[in-house]
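Here are a few notes to read alongside the model. Have it open while you go through them.

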Amino acid sequence: MDPTTDNAGPSGDPGTARDALEALRAEIAKAVVGQDPAVTGLVVALLCRGHVLLEGVPGVAKTLLVRALASALELDTKRVQFTPDLMPSDVTGSLVYDTRSAEFSFQPGPVFTNLLLADEINRTPPKTQSSLLEAMEERQVTVDGTPRPLPDPFLVAATQNPVEYEGTYPLPEAQLDRFLLKLTIPLPSRQDEIDVLTRHAEGFNPRDLHAAGVRPVAGPADLEAARAAVAKTTISPEITAYVVDICRATRESPSLTLGVSPRGATALLTTARAWAWLTGRDYVIPDDVKALALPTLRHRVQLRPEAEMEGVTADSVINAILAHVPVPR
């Protein structure tokens with residue numbers, strides 16, 4: 001996504017909406033250095049009404065990235081630090097007794113927002129992890145038998161530390177499959193890290209995005225118009241078959257104990273469609289599928305222990321499959 005406008009206001013027109021969403025990269029770059037692929041992934045997830053798993057070591061600006069995205073889109077955001085003693089009600093909300101009315105009233109939890117940053121989600125027990133499942137899948141929270149709808153748009157950006165597993169509760173496959181994308185947040189390059197330190201030396205405050213110059217360049221109306229346009233993006237039978245062949249190949253790979261499910265194949269088709277629209281086309285080509293294959297599929301496969309010991313990764317297996325599955329002409 002290359003910015004084509006410096007300051008596009010919320011509109012609702014599909015063409016203007018694309019320009020506004022493309023401008024996000026330039027706007028977020030005022031606060032976050034060198035994380036363009038992650039920005040693109042978050043925008044794709046918003047267009048597809050999906051959720052994102054962010055994996056990276058502490059200190060690579062995962063929280064700042066989500067906050068900057070929310071500011072540039074005029075969306076509400078909340079952050080929850082997941083800990084071993086966090087209860088489900090701490091996320092979803094609970095009934096609170098009001099002594100004045102002598103009645104119970106619902107106190108919404110932090111999940112009632114547009115962008116929820118679930119920080120270190122693998123540090124909390126499965127019971128609390130599962131409290132997010134209904135919210136992610138049904139976009140509602142049920143407390144005391146009463147369903148309460150969540151705002152729209154709604155996206156969960158959950159983070160996990162890839163190098164520290166002591167005292168963690170790995171996400172089960174069923175919950176991993178609920179995330180549309182898994183984005184890896186790498187350490188910055190030498191030049192990017194110099195830029196980060198230079199900004200801090202000049203007085204940059206990551207807690208004050210307004211002072212950093214981050215301004216709204218798109219809004220909910222643009223997202224709604226973009227989603228409608230993405231839904232009209234053409235997918236040929238050949239592209240559908242290509243996606244199916246890729247996913248079926250993961251189920252036959254000798255390096256994997258678990259391949260991509262039909263839900264994963266649907267996710268890949270959906271993300272490729274959004275990417276095609278973002279790049280200015282109203283139809284999907286094989287390159288769109290290839291571009292989104294890794295972030296869409298890497299968390300939906302499971303390596304065999306012996307393959308893992310040999311240094312094989314989910315990304316390397318998927319790349320090998322992409323190199324061997326025939327591409328439609």
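1. Start with confidence. pLDDT is the predictor's confidence in each residue, from 0 to 100. For the protein chain the mean pLDDT is 89, with 95% of residues at 70 or more. A contact here means heavy atoms within 4.5 Å.

2. Some ground rules. This is a predicted model, where local features need pLDDT of at least 70 and side-chain atom pairs count only at pLDDT 80 or more, while totals for chains, interfaces and linings use all residues. Residues are numbered from 1 along each chain as its sequence is written, and side-chain values use heavy atoms, with hydrogens and water left out. Helices (H or I, at least four residues) and strands (E, at least two) are DSSP runs, numbered from the N terminus.

3. Now look at helix H11, residues 262-278. Its 17 residues reach 25 Å from the first C-alpha to the last, close to the 24 Å expected at 1.5 Å a residue (the expected span is 1.5 Å times one less than the number of residues).

4. How many residues of H11 are buried? Twelve of the 17 are, so H11 is largely enclosed by the rest of the structure. (Buried means under 20% relative accessible area, exposed over 50%, partly exposed in between, with a 1.4 Å probe and protein chains only.) Among the buried ones are Gly-264, Leu-268, Trp-275 and Trp-277. The buried residues of H11 pack against helices H1, H3, H9, H10 and H12, and also strand E9.

5. Buried in H10 are Ile-239, Tyr-242, Val-243, Ile-246, Cys-247 and Thr-250. They cover an arc of only 125 degrees around the axis, so they sit on the same side of H10; the arc is taken from the directions from the helix axis to the C-beta atoms. On the other side, Pro-237 and Glu-252 are exposed. The cover over the buried residues of H10 includes strand E10, H11, H12 and helix H14.

6. Finally, Arg-67, found in helix H4 (residues 62-72). Arg-67 is partly exposed, at a relative accessible area of 27%. Leaving out residues up to four places away in sequence, Arg-67 touches Pro-206, Arg-207 and Leu-209.
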